[in-house]
Amino acid sequence: GIADGATFDVIVVGAGAGGMLAANRAHDLGLSVLLIEKSDRFGGTSAVSGGAIWVPCNDDLGARDDRAKALDYLRTCTKGQVADEKLAAYVDNAAPMVRYTADKVGLGFKAVMEYPDYYPDRPGALPGGRTMDPDAVDGADLGEDFYSLREPYALMRLFGRISMTVSEARAITTKKAGWPLVVAKVIARYWADLGWRLKTKRDRRLAMGNALAGGLLRGLVRRRVTRVLNTRLVDLVRDGEGVTGVTVSRDGVPLTLKARRGVILAAGGFERNQGMREQYLPGPTSETWSVTPFPNNTGDAIRAGRTAGAALEFMDLAWWAPTMRLPSRHTPNTETRVGMFMERGWPGSVIVNRLGQRFVNEAISYNDFGYAMIDDNGKTGANTPCWMVFDATFRKKYVVGGLMPGMLEPDRSLPPEWFDTVLYRAETVGELAGKIGVPAAALAATVARMNGFARTGKDTEFGRGDNVYDRYFGDRFVSPNPCLGPIEKAPFYAVRVDLGDIGTKGGLKTDARARVLDEAGRPIAGLYAIGNCSGSVMAASYPGAGGTLGPAMTFGYVAVNDIAAAR
Ligand code: FAD
């Protein structure tokens, strides 16, 4: 435990990937460190994520990437809203952070060579390799701390239970050559681990975000870094202009803790705070649309930093993701949220606003899809929510949010009350339009136009399937365009699409050294912020998969280096 008045060199607030990376690094640079976490688990949203990190100029890329190219790309992505110095700090420290994590913390990463940047047509973009996937981690290495790690979402595991790496999941969803063998291996490994399964159903092999958070937590366990759960930052302690500690509530008991060298805020965004959402984000907005773990990220660190005089930036932005609701099959009156990350690019579907009109290339990144919903709502007042419409062929072949493909989970196996509340179904497009409250003639015209594009392979409206990113999420067995297919076979289906998020990205304004700045642009002594409680280095953009965790960890690394250098 920790006593009132306890003193450390560094206090890290929040145990997501950024906070845990920073705590490992602080220990390794000879600093005494305390990590506090509000919830009853380590890992934050990072633990339930895909675990990918976006790392320009990483070692696997070799000569395919260089500093100028990466900076060029980030400049175009951030449109002059982020100081060059800060972009450069990211490009210069991301790969060293990965090297440190692999060599010293013992968590390795591999570049995913076929995963393209999210704006493949912009200068400096790469067709793959900047996104890195963490190596799987053996949960047994964590000892009893295995149970203090936040569990991954069931929907990101095979049969809700068996973990898969990003590459395995991709091989299976895209039916890559040899995919049945991948499935067989993944299952066999789980079932063969008999001794472990007698202890717990939870898979011992950690993958994706659980590998990331688990690998970083393992580092803390091995270093015996002081870390406490159920301990919430309440406020910052100030001495003159600088920050010298924190007040916390630990299991409801107030404590004051001192930090000699610095406090690093890594407490996530405000996506679970309905009041702050309404104050800052475009409306309508609901915290229930977020796919982050309920209810921890409520902007506590942003508010504490603000009270200490910090400037804020990008508070109207989030890492947007279209999401759908999925009622629980087991517990009445509960439901989960599922992100719609990949299904929008598959052929045989279209997304329309409530006027029955398309408004964007559906296959663009989830973040840009969110902006398109906001823009269209501004113009028409008939978006947020919008509707994804597809036919029987699509339903049979592809995942839609939390609904498995019909060939694995046919309609007759779904709870009857899901029909026309979650999954709308009708024998004709016109009847479907009536059920979802969209003008029938407009929807029929949109579907007819999409069917024409499917035949020619050219979406002359929005260019769906025209670039390498779209096609990454296409179906390579479909031609002439892997992202376009006819919507013609009854029954027809629709799912409501909400403007959700995987975290907000506005917060305390920081400089290239992760120091929190006041309104005059001066650093507040002793105060650092990283991850989603800080204004994002990416501004409104999402450069590629891993564009949120990469910066959280990189600026965690930068912050600790800065504290250690200031002796
Ligand atoms: P978190 O990881 O949420 O950590 C913040 C921690 O702070 C939490 O544990 C929280 O409980 C704690 N906390 C909050 N308030 C307090 C307080 N007052 N005192 C103490 N502790 C506090 N991003 C990527 O880059 N790559 C991906 O592959 C990816 N996939 C995703 C998939 C899904 C399904 C989701 C939901 C998100 C995904 N993301 C991905 C987004 C990414 O997970 C988040 O943006 C990232 O985890 C944010 O990191 P963070 O450290 O800022 O916050």
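Predicted model: local features only at pLDDT ≥ 70, side-chain atom pairs only at ≥ 80, totals over all residues.
Where is Pro385 found? Pro385 sits in the loop between helix 11 (366-380) and strand 16 (386-390).

## Around the ligand

Let's start with the ligand and its neighbours. The ligand is surrounded by 34 residues, and the closest of these are Glu37, Ser46, Asp300, Thr548 and Leu549.

For Asn297, an N or O atom of the side chain lies 2.8 Å from a ligand oxygen. On its own the ligand would expose 1,000 Å², and the protein buries 96% of that. Helix 2 (44-48) and strand 9 (231-239) are the elements that give two or more residues to the shell. Of the elements, helix 2 gives the most, with 4 residues.

## How the helices cross

Two packed helices are described by the angle between their axes and the distance between the axes. With that in mind, here are some helix pairs to find in the structure.

Take helix 1 (residues 17-28) and helix 8 (residues 208-223) to begin with. Their axes come within 9 Å and cross at roughly 30 degrees. Angles under 35 degrees count as roughly parallel, so helix 1 and helix 8 are roughly parallel to each other. The crossing of helix 1 past helix 8 is left-handed.

Next come helix 3 (residues 67-78) and helix 4 (residues 84-105), whose axes come within 10 Å and cross at roughly 135 degrees. Helix 3 is therefore oblique to helix 4. Here the crossing of helix 3 past helix 4 is right-handed.

Finally, look at helix 5 (residues 166-173) and helix 6 (residues 179-192). The axes of this pair come within 8 Å, with a crossing angle of roughly 130 degrees. Helix 5 and helix 6 are therefore oblique to each other. Helix 5 passes helix 6 with left-handed crossing geometry.

## Backbone details in the loops

Most residues other than glycine have a negative phi, and most peptide bonds are trans. A few places in this model are worth a look with that in mind.

Pro385, the proline from the opening question, is joined to Thr384 by a cis peptide bond, with omega about 10 degrees. Another cis peptide bond runs from Gly283 to Pro284, where omega is near -5 degrees. Pro284 belongs to the loop between helix 9 (274-280) and helix 10 (300-307).

What is the phi of Arg224 near? Phi of Arg224 is near 55 degrees, a positive value in a residue other than glycine. You can find Arg224 in the loop between helix 8 and strand 8 (226-228).

Terms used. Residues numbered from 1 in each chain as written. Heavy atoms only, no water. Near = heavy atom within 4 Å. Polar contact = N/O pair within 3.5 Å; in protein donor to acceptor, adjacent residues only side chain to side chain. Areas by Shrake-Rupley, 256 points an atom, 1.4 Å probe, with all protein chains shown as cover. Axes fitted to C-alpha atoms, helices over the stretch in contact; angles between N-to-C directions. Parallel < 35°, antiparallel > 145°, perpendicular 65-115°, else oblique. Left-handed = near helix turned anticlockwise from the far one by under 90°.
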